[in-house]
Amino acid sequence: MKHFNVHFLPDDLTAVIHEGASLLEAAAQAGIILNTPCGAAGRCGKCKVILMPAKKEVQACEYLVHHDLEVVVPQTSRFFRQRILEHGIHHKAALDPSVKKLHLEGPIADPDAFCSRLSSILGEGIHLENSANGLLERQEVLKSQSVTAVLTHRNTDAAPPEQTRWCLSGVEPGDTRGKLYGLAVDVGTTTVVARLLDLNTGREAATVSCGNPQARYGADVISRITHSEKDNGLTELHHSIIACLNELIEQACAQAAIQKEDIYELAAVGNTTMNHLLLNYPVAQLGQAPYRPHSLLAANRSPQDFELAMNTAGNLYTPANIAGFIGSDTLAAALACQMDAAEEGTLLVDIGTNGELVLSANKRMLAASCAAGPALEGAGIACGSRAQAGAIERVLVQDNRIDVDVIGGTEPVSICGSGLIDATAVMLTLGIIDFSGRFTEPQELDALSGKLKNRLIEINGMPAFVLAGEFDGKNWNNPVYLTQKDIRQVQLAKAAIHAGIQLLLKDNGLQTTAIKKLLLAGAFGNYIQKESAVRIGLLPNIQIDRIHFVGNAAGTGAEMILLSRPARNKAAELSRQIQYLEIAHQSEFQTVFSDSLLFPEK
């Protein structure tokens, strides 16, 4: 099967995708989420893109790729760009960050007079922080003919918005209002993503990411909790994520050509364990029933407390957690997806090492966590890897041939999560594995063509299926394959998500048919083929057009919290409204989980 390059502008991103795929699929593969309220049925016209150089407008869900393309994606067709804009219009303040700069002419007479001038400008009282009091006495400030005041709005869950106030956290000589940036960070168990935003304009200046370096201490949160109980374990985990953030800050500043001192706020979201390790809270109690967090509250911290490489007058802000295994990342995703205003029967699913669910039904929001494990992110899989160059991200079968899409368009050397889900679905469809996940004996596969049968091999005495490689007529060279053990890992991961969804529905007295809209979130979820996810039972068997990709909703929520005080206050409200269901404590958990291990029979 032929593959073509689809270059997206102005993102300057390229997807290498098989012939006949839609532009919507290509955009998703490039990490671009388009607006598809009709579920990509071609009815709404919201996913329009422009083909260059002809400047022809087409619907991405309907236009199929048959040659190399250059495509412009308008801002109006992007899911979350539109969502943030709508939020701003709704609150009549698209940009209202919790850090401000005010420029004042004339020398400083004394701290009290200075604060009075600031209060008269803001129309609110000003709290003078001790550190700022010292800054006011610095010679370069006293001698300057004008100064810029740095103000931070320190709201927490402990105080309602009307009781919070502006704090004078810094004073800078001259006019520095043009240098005001913030960093929105999604601290995932596996991956950390940071977006640098201009707080004066809301413009994204840079996006950087890396693997979470805490992975050296364990791939999942339980492993890291265990490590925290060792001598200096908690300190190692804390320093590891701080070093990671400082490295991302350095990369983002280099991209945007700014200085780290130009960053005045860092808003970080993550699951409760990641949140605690960032704030240097104890986490041992999260690994033991009843899994109580050290704190659920939002927090403000000085960057100096953690040696963060940003302006010392700035602020580290972490939104509230919901429960021991439902953190501020789920809260941020719920904020971005407006779950409080969602239609009845809306289910938010964030698939990752730790799967999180939020169901809006019966006039309440109910959340749950699922320990999916790292298999769907490539860990623990024989040829598995993260989504990186050379990783198979899509598997198809056509005319008795297996074809794959590979990240970067290079030779395949591994398989990532989206490819793993596709491959499992293909193997089910071909009968290579049965509904129990067991490899079918070769002699039972009479209907399978010779070319496909050649892909059945043994690895260390274990059956395996080759997805890609060079076949010399007898042996496979450099094969990428799935083993029986790999399939079992997929079953464990998908069963955790599926069981969580079923128990959430049951707690609300609902059946699967009650799901009117399923929002698939997470950096990983963006790349999943809906049909494959439903085929293996990872997602419930609902109409495909009810499933919508929403991308890294947690990261988008973090951006909203960074850019908008009303959004920050809304997040605080949501943290009090969302109820938590402990899945593992449900009496039917073991039965539902065991049933969920099986693949759906067609």
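Mentor: Here is a walk through the salt bridges, pair by pair. This is a predicted model, where local features need pLDDT of at least 70, side-chain atom pairs count only at pLDDT 80 or more, and totals for chains, interfaces and linings use all residues. Residues are numbered from 1 along each chain as its sequence is written, and side-chain values use heavy atoms, with hydrogens and water left out.

Side chains of opposite charge can pair when their charged atoms come close. A salt bridge here is a side-chain nitrogen of Lys or Arg within 4 Å of a carboxyl oxygen of Asp or Glu. The structure holds 17 of these salt bridges.

Start with Arg364 and Asp507. Their closest N and O atoms are 2.7 Å apart. Arg364 lies in strand E18 (residues 364-370) and Asp507 in helix H13 (residues 484-507), so this pair ties together parts that are 143 residues apart in sequence. Helices (H or I, at least four residues) and strands (E, at least two) are DSSP runs, numbered from the N terminus. Arg364 is partly exposed at 23% relative accessible area, and Asp507 is partly exposed at 34%. The cut-offs: buried is under 20% relative accessible area, exposed is over 50%, and partly exposed is in between (1.4 Å probe, protein chains only). Shared partners also occur: salt bridges join Glu25, Arg394 and Asp422 into one network.

Next, Lys260 and Glu261. Their side chains meet at 3.3 Å, N to O. Lys260 is partly exposed at 39%, and Glu261 is partly exposed at 38%.

Last, Arg195 and Glu204. Their closest N and O atoms are 3.9 Å apart. Arg195 is buried at 17%, whereas Glu204 is partly exposed at 28%.
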